[in-house]
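Here is a short briefing on a protein model. Look over the sequence and the structure, then read the points below.

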Amino acid sequence: MRPSNYLSPALVAVILVLWEGAVRLMEIPVFILPPPSTIVVTAVGRASLILPHAAITFAEIILGILLALGTAIPLATVMFAKPPLEKALSPFLVASQAIPVFALAPLLVVWLGYGIASKVFMAWIIIFFPITVSLLSGLKNCDPEYRVLFRLMGASFYDTFMLLYWPWALPQFFAGLRVGVSVATIGAVIGEWVGAQQGLGFLMIQSNARLQVDLVFAVILWLSAMGLVMWSLVGILEKKMIKWKPI
Amino acid sequence: MLKISGAAKIYGGQTIFSRFDLTVAQGQFNVLVGPSGCGKSTLFDGLTNVISLDKMALSWKGEALPHLGCHAAYMQQKDLLLPWFSLLDNALLPVKIGNQSLAAMTTMAENLFSRMGLKGYESHRPNEVSGGMRQRCALVRTLMFNRDLILLDEPLSALDAITRRRLQSLLLLLQTEFNKTILMITHDIEEALLLADEVYILSPLPMVITDRFVLDQEKPRKFTDPRLLEIKEKVLAQLQEGAHR
């Protein structure tokens, strides 16, 4: 490894040491700010409490992503294939982003209940937009000279889409998916804050109310780990599907 | 026979060409030589329906057509290979899209690959090989269109001089071995004289044919032929005169 590769782990280590030192020296109580060592002990020691909640949140996020993929890919494709439709729909897509989605969370709980449906829906609205927009712009980005080549070969829209447009748009699609996956966690957790009986967001609110700040931090640690895992899963999938250098 | 008559295009008030006529007899290799920006590519874009011309009467093998969209194969300066496919899959793209038999055409493509010196590179991706190899692959793809008429739009102008010379002899195979009818545009006079049965010299805008040379020398040709050198001088003089006009 080059020295630059050591730099960010070293920085993290320095921050953790400072944090630990400051908390101990200044004798800050655990219910205000626990030291990193306590957080790690809690995160590991209370895994049996945290993990079932994490599984729920994870399921909400995954379902939200799948739902978003299942709707964003067809919508972007249809909007790409029919430009008048794109013209008609894109103002709504943009306007939908002006709505503070998190403000909808209480309503969603009223409409869809305290179960996972409201959280899945929340995650879905949040991921849907970046995937649709990035896929659409990736499809539209295709070099017109290639389109001419396909037209001269007598290719149908289906052939052109499968052999040219879709592979062409893949890098941008994945860029959108990566953004989507990282914000999906926020959506699910906020949904749980507003009203839930399980999930990591629910656990955070509960432990916060009981001043179990170390548990709150432990949950945040698990959430971050989950986000990191999903981020790298998308990365692995991207590497598997895009084995060429972009043009 | 390919017959273009009365082709006209005005673009932004500028006449690109008007009443442009051209014929290419069956099995002939005709080349248009002209300065860059003289409207050659506009003509080709019109022939292939990339843009619509203001006027054009077109016939191919005696049949009147609005454009050559489904009758001609097309090869241009950019190889336009898809980076996600191997060279062989790229060459077979017209077969996959059309309704031709993939098995038979695959054998043909593999044979062509070894003829073109691409043997062993079938499963390489375009970014893993040189520009000359990519253009050879594009040439195989052009043959895989399985069409009798081929339009070549400066197919070799992005290549270095040595690679270009080697690929010129491969272009000749289109005519000598596959009996294609070919219309090519280029600004490389030597290339035109080595390959063409007829060379047309074009003027700058508006594009008109200022001269025509019929070359009956046997192919493959070499530039030691004094007649070719003589014609080359004439063509150069023509083009320079056009430039100063």
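In chain A, 73% of the contacts with a separation of 6 or more join residues 24 or more positions apart. Contact means heavy atoms within 4.5 Å. This is a predicted model: local features need pLDDT of at least 70, side-chain atom pairs count only at pLDDT 80 or more, and totals for chains, interfaces and linings use all residues. Residues are numbered from 1 along each chain as its sequence is written, chains are lettered from A and ligands numbered from 1 in the order in which they are written, and side-chain values use heavy atoms, leaving out hydrogens and water.

**Chain A: helices**
- Chain A has 10 helices and 0 strands. Helices (H or I, at least four residues) and strands (E, at least two) are DSSP runs, numbered from the N terminus.
- Residues 174–194 of chain A are 100% helix, and their end C-alpha atoms lie 30 Å apart.
- Residues 92–114 of chain A are 65% helix and 0% strand, with end C-alpha atoms 28 Å apart.

**Chain A: extent and burial**
- The C-alpha trace of chain A spans about 75 × 55 × 30 Å along its principal axes.
- Of its 247 residues, 42% count as buried. Buried means under 20% relative accessible area, exposed over 50%, partly exposed in between (1.4 Å probe, protein chains only).

**Chain B: one residue**
- B:Gln175 is found in helix H6 (residues 161–176) of chain B.
- B:Gln175 has a relative accessible area of 12%, so this residue is buried.
- Not counting residues up to four places away in sequence, B:Gln175 touches several residues, including B:Phe29, B:Leu195 and B:Lys219.
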